[in-house]
Amino acid sequence: MSLVINHNLMAMNAARNLSLSYGSLSDSTRRLSSGLRISTAADDAAGLAIRELMRADISTLNQGVRNANDAISLIQTADGALQVIDEKLIRLQELAEQAATGTYNSDQRLMIDSEFQAMASEITRIATATDFNGVYLLNGNLSGAESAHNGSGLQSTGPIKIHFGTGNDSAEDYYYISIGDATASALLGGACSISTQALAQQALDRIKQAIISKDKIRAALGATQNRLENTINNLSIMAENLQAAESRISDVDVATEMTEFVRNQILTQSAVAMLAQANSLPQMAMQLIPGLVRRRIVDGFSAADDQRHGGRGLAPRPSCPLIFLVGVGILNPVKGESLARGLLFGFFQRAALGVYFLSIGGEPPRP
C-alpha cells in the first residue's frame, strides 16, 4: 500500500469496524437493560409476530380466569340468599305444622297465619332484591334453557353466559348459568295460607315441594361452581404454559448476551485504539520532506565554498563551523518530528544559511 495523505484508507477501515462493533454493543446493552431479546421488529420479525399472538392469548386467558372468578362470586351470592330462604321455608313448615293441629282455635290460627304470610313475603323480597353487579339472580330473569339466552340488546335476557376462552366456540369458550325463580309464589306454587286446619295440612305438602325446588336450584349452582373452579385451574395452566413459550421466544438469555456484550466491548475498544493509530500514520510522510531539505543545505554549503575559494574545495573560516552546527547540527530534526517542528527547522536553516554566506562574503546559491 502506498504512503498517501489525501485518503487514509486504514482509518476508514478502522472507522467502519468501530461502527459495527459499537452498534452491536448498543444492541447488547439494550437487550440486557430491557431483558428482551426481541424489542423491535428488526430483531426477529417472525418471532415478534408469534410473540404478540401469544401475548394476546395470555392476556385473554387471564381475563377469562377473572371472568370465571366473577361467576363464582355470583353463584356464591345466589347461594347465600337461597340459604336464608331455606331457613324461612323451614319456619313456614313449622308454622304449618302448628296450625294443622286441632288444639288451636280460629283466632290463634289467624295469628299463626299472620307470621306465615310475613315469612312468605320476606322470601319474595329476598328473591327480588338479591343481585350481583346489577344482575338480579333469584327473581326468575336467569331461568330457562340455554336457547333462551338473548344478548343482542343492552340488557341480556335468559340464562347468563360466562365467557372465559380465547374464541367464541360454545364447546370450549363459554357456558351458561341458569338460576330458577326463588320467589314464594314460584316455590309454593301460588298463594298459600294456613288460616284453617285443612289449608295448613295442604300447605305442608306444598312447603315440602318448595324446599325440594330450592334445593335443586342450590345443587345446580354448586355443580356449576365446581365446574368453574376446574375451568379456572385449566385456564391457569394454559396461561402458564403459553407464558413459558412466549418467554423462550422473547426474553434474553442473560449469560449468552453478557458474553456477546464483553466481546463487543473489547472489539469497540480495540477499534478506537486502532483508529487513533491510523489517523497518525499519514504524518510519517512528513519525515521524508525535512530529510530532502536538509540534504540540499549541505550541497549548498559545498558549492559556496568552491565558488569562494576558486574551486579548490578549501574549508570555511574557523568561525563558520559554529554557524554550520547551529543551522544544521543542533536543529537537525529527529525521527518522528511534528509538522510544527519541521516548519521551525526550515525557518532557522534558512537564517543560518544566510548568515553563513554573509560571513564568507558570498551570495547564497540558487536552487
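Predicted model: local features only at pLDDT ≥ 70, side-chain atom pairs only at ≥ 80, totals over all residues.
**View 1. Aspartate 27 and arginine 30 in helix H1.** A salt bridge joins aspartate 27 to arginine 30, with 3.1 Å between the closest N and O atoms. The two residues are 3 residues apart in helix H1 (residues 9–34), so about one helical turn separates them. Aspartate 27 has a relative accessible area of 30% and is partly exposed. Arginine 30 is likewise partly exposed, with a relative accessible area of 25%.

View 2. Aspartate 86 and lysine 214 form a salt bridge whose closest N and O atoms are 2.5 Å apart. Aspartate 86 lies in helix H2 (residues 45–100) and lysine 214 in helix H5 (residues 197–250), so the pair ties together parts that are 128 residues apart in sequence. Both aspartate 86 and lysine 214 are buried. The structure holds 15 salt bridges, and this pair is one of them.

**View 3. Alanine 81 and threonine 130.** Alanine 81 is placed in helix H2. With a relative accessibility of 9%, alanine 81 counts as buried, because the limit for that class is under 20%. In sequence, alanine 81 and threonine 130 are 49 residues apart, while in space their C-alpha atoms are 6.9 Å apart.

**View 4. The ring of tyrosine 174 and its surroundings.** The structure has 2 aromatic pairs. In the pair formed by tyrosine 174 and tyrosine 176, the ring centres are 5.9 Å apart and the ring planes stand at 90°, so the arrangement is edge-to-face. Tyrosine 174 is buried, with a relative accessible area of 11%. The charged end of lysine 161 sits over the ring of tyrosine 174, at 4.3 Å from the ring centre.

**View 5. Arginine 227 and tyrosine 175.** Here arginine 227 lies over the face of tyrosine 175. The distance from arginine 227 to the centre of that ring is 3.7 Å.

**View 6. The second largest pocket.** The second largest pocket holds about 270 Å³ of space. Its lining is made up of 13 residues, and those that lie nearest the centre are Val135, Leu142, Gln155, Ser156 and Ile160. Strand S2 (135–136) and strand S3 (160–163) are the elements that give two or more residues to this lining. Sorted by class, the lining of the second largest pocket has 5 nonpolar, 7 polar and 1 charged residues.

Technical notes
Residues numbered from 1 in each chain as written. Heavy atoms only, no water. 1 Å grid on protein atoms, 1.4 Å probe; cavity = no way out; pocket = protein on both sides within 12 Å on 5 of 7 lines; lining within 4 Å. Points joined across faces, edges and corners; volume = space filled by probe spheres on them. Helix = DSSP H or I, 4+ residues; strand = E, 2+ residues; numbered from the N terminus. Nonpolar A, V, L, I, M, F, W, Y, C, P; charged D, E, K, R; others polar. Phe/Tyr/Trp six-rings, centres within 6.5 Å; stacked < 30°, edge-to-face > 60°. Buried < 20%, exposed > 50% of the residue type's maximum accessible area, 1.4 Å probe, protein only. Lys NZ or Arg CZ within 6 Å of the ring centre and 35° of its normal. Salt bridge = Lys/Arg side-chain N within 4 Å of Asp/Glu carboxyl O.
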